[in-house]
Amino acid sequence: MTPRTTRTARTPEEGPRGDLFDPLCPTRRLLDRIGGKWTSMAVKVLAEASPDEVRFAELQRRMPGVSQKMLSVTLQALCRDGLVSRRVEGTVPPRVYYGLTDLGLSLEVPLAAVRRWAEEHMAEIDRAQQLADTVTEDT
């Protein structure tokens, strides 16, 4: 087997194709971000509200277990990636609203498929983990 050659990341002009196995490929970083549970939950909540926007506090209420800091970090990354829009009303205190962009809305379909797969196969995963734990305890 020959070792993989390391390439530099493609520029936008070179097209959307990437190499998941290249540590420098932006696709890897993007998959890390969109593969997280908080991203998936935020996209789901915002997709359900679309085309309306959702305030930060409402997002946090609808995402049990997410801390204010983690939600803030998640939303900042999604905004930076162009998946979520952020609108601030100049009231005291400021009201901050979030909504999915068209690009973000296009992410809901594949994320919904992954969530559905997880829900349908979680019992099998649990059984496999229990079996693996039993085998580990026996050795």
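**Exercise 1.** Is Thr74 buried or exposed?

*Solution.* Keep in mind that we're working with a predicted model.
- Step 1: Look up the relative accessible area of Thr74, which comes out at 8%.
- Step 2: Compare that with the cut-off: buried means under 20%.
- Step 3: With a value of 8%, Thr74 is therefore buried.

**Exercise 2.** Find where Thr74 sits and what its surroundings are.

*Solution.* 
- Step 1: Locate the residue: Thr74 belongs to helix 4, which covers residues 68-80.
- Step 2: Check the polar side-chain atom. A polar atom of the Thr74 side chain is 2.8 Å from the backbone oxygen of Met70.
- Step 3: Now skip the neighbours within four places in sequence. That leaves Trp38 and Thr39 in contact with Thr74.

**Exercise 3.** Work out which residues of helix 4 are buried and which are exposed on the other side.

*Solution.* 
- Step 1: Pick out the buried residues of helix 4: Leu71, Thr74, Leu75 and Leu78.
- Step 2: Look around the axis. These residues cover an arc of only 95°, so they are on the same side of helix 4.
- Step 3: Turn to the other side of helix 4, and you'll find Lys69, Gln76 and Arg80 exposed.
- Step 4: See what the buried residues of helix 4 pack against: helix 2 (37-49), helix 3 (56-61), strand 2 (84-89) and strand 3 (95-100).

How values were computed. Residues numbered from 1 in each chain as written. Predicted model: local features only at pLDDT ≥ 70, side-chain atom pairs only at ≥ 80, totals over all residues. Heavy atoms only, no water. Helix = DSSP H or I, 4+ residues; strand = E, 2+ residues; numbered from the N terminus. Buried < 20%, exposed > 50% of the residue type's maximum accessible area, 1.4 Å probe, protein only. Polar contact = N/O pair within 3.5 Å; in protein donor to acceptor, adjacent residues only side chain to side chain. Contact = heavy atoms within 4.5 Å. Arc of directions from axis to C-beta.
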